Amino acid sequence: MKKIFGPVGIIVIILVVLALLFIPKYNSLVTAEESVDSKWAQVENQLQRRYDLIPNLIESVKGYANHEKEVIASITEARAQMGSAQSPKEQAVANDALNGALSRLLVVVENYPNLKADANFRQLMDELAGTENRLAVAREDYNNEVQTFNKTVKRFPGNLIAGMFGFEQKEYFKAAAGAEKAPSIDFGSSGKQ
């Protein structure tokens, strides 16, 4: 009996030690993944806030710049693209399209001094600017959490545990290709004489 208990006891001790090493690492992966998901929810929250502000902004502009339909249509299309984007990559592409459309809107606004003076429009633009700032912070926070999580998933022994339990690297919120270039704007095509 003593001979059987010796090897079984050693195996049990080894299993207990391994469990004591693996359980905290697994729990840290779960915690890190939840942090990434929480930060992504904050990005989505700010994207939704901007998404909700845009119709009001468009309606304010429509009253002053009725013939600027192309710019308004591009914003509406970019907003729809943003609404249907699911992954961080899709949302980054939609975000860039929306940023470009909004920058073209700002050029149109410059042609309408009465619109710039409109209190409702100014308030909406201030809210949009604040949302853009919060969105930039939320994206940075999300990417920092993704970096921390991805390091944990890649490093030993986290990579073993991550592989065993299906933890995969998270996707960064990246700007779309070409986003580093400012959108080109043609001042001659605004339709004004």
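Me: Contact means heavy atoms within 4.5 Å. Which residues does R50 touch, not counting residues up to four places away in sequence?

Reply: In this predicted model, R50 touches M82, N95, L98, N99, L102, L128, T131, E132 and L135. R50 itself is found in helix α1, which covers residues 2–64.

Me: Why is R50 called buried?

Reply: Buried means under 20% relative accessible area. R50 has 0% relative accessibility, so R50 counts as buried.

Me: What makes the pair R50 and N99 a polar contact?

Reply: The cut-off for a pair of N or O atoms is 3.5 Å, and one atom must be able to donate a hydrogen while the other accepts it. The side chains of R50 and N99 make such a contact at 2.9 Å, so the distance falls within the cut-off.

Me: Why are α2 and α3 called roughly antiparallel?

Reply: Helix α2 (residues 69–84) packs with α3 at an angle of about 160°, and their axes are 8 Å apart. Angles over 145 degrees count as roughly antiparallel, so α2 is roughly antiparallel to α3. The crossing of α2 past α3 is left-handed.

Me: Which residues of α2 and α3 meet?

Reply: On the α2 side they are V71, S74, I75, A78, R79, Q81, M82 and S84. On the α3 side they are E90, Q91, V93, A94, N95, A97, L98, A101, L102, R104, L105 and V108. By class, this contact of α2 with α3 has 12 nonpolar, five polar and three charged residues.

Me: How do you know that α3 is roughly antiparallel to α5?

Reply: The axes of α3 (residues 88–110) and α5 (residues 119–154) cross at roughly 150° and come within 13 Å. That angle is over 145 degrees, so α3 is roughly antiparallel to α5. The crossing of α3 and α5 is left-handed.

Me: Which residues make the contact of α3 with α5?

Reply: P88, N95, N99, L102, L106 and V109 in α3 meet F121, M125, L128, E132, L135, R139 and Y142 in α5. Nine of the residues in this contact are nonpolar, two are polar and two are charged.

Me: What makes α5 and α6 roughly perpendicular?

Reply: They pack at an angle of about 95°, with their axes 5 Å apart. Angles from 65 to 115 degrees count as roughly perpendicular, so α5 is roughly perpendicular to α6. T152, V153 and K154 in α5 meet G158, N159 and A162 in α6. The residues of that contact divide into two nonpolar, three polar and one charged.

Me: What kind of peptide bond runs from F156 to P157?

Reply: The bond is cis, with omega near 0°. P157 lies in the loop between α5 and α6. Most peptide bonds are trans.

Me: Why is F167 called buried?

Reply: The limit for buried is under 20%. F167 stands at 10% relative accessibility and therefore counts as buried. F167 is in the segment after α6 (158–165). Leaving aside neighbours within four places in sequence, F167 is in contact with Y26, L29, V30, E33, F149, V153, I161 and A162. F167 and L29 are 138 residues apart in sequence, yet their C-alpha atoms are 7.8 Å apart.

Me: What makes Q42 partly exposed?

Reply: Partly exposed lies between under 20% (buried) and over 50% (exposed). Q42 has a relative accessible area of 41%, so Q42 is partly exposed. Q42 is in helix α1.

Terms used: Residues are numbered from 1 along each chain as its sequence is written. This is a predicted model: local features need pLDDT of at least 70, side-chain atom pairs count only at pLDDT 80 or more; totals for chains, interfaces and linings use all residues. Side-chain values use heavy atoms; hydrogens and water are left out. Axes are lines fitted to C-alpha atoms, for helices over the stretch in contact, and angles run from 0 to 180 degrees between N-to-C directions. Helices (H or I, at least four residues) and strands (E, at least two) are DSSP runs, numbered from the N terminus. Angles under 35 degrees count as roughly parallel, over 145 as roughly antiparallel, 65 to 115 as roughly perpendicular and the rest as oblique. A crossing is left-handed if the near helix is turned anticlockwise from the far one by less than a right angle, and right-handed if clockwise. Ala, Val, Leu, Ile, Met, Phe, Trp, Tyr, Cys and Pro count as nonpolar, Asp, Glu, Lys and Arg as charged, and the others, Gly among them, as polar. Buried means under 20% relative accessible area, exposed over 50%, partly exposed in between (1.4 Å probe, protein chains only).
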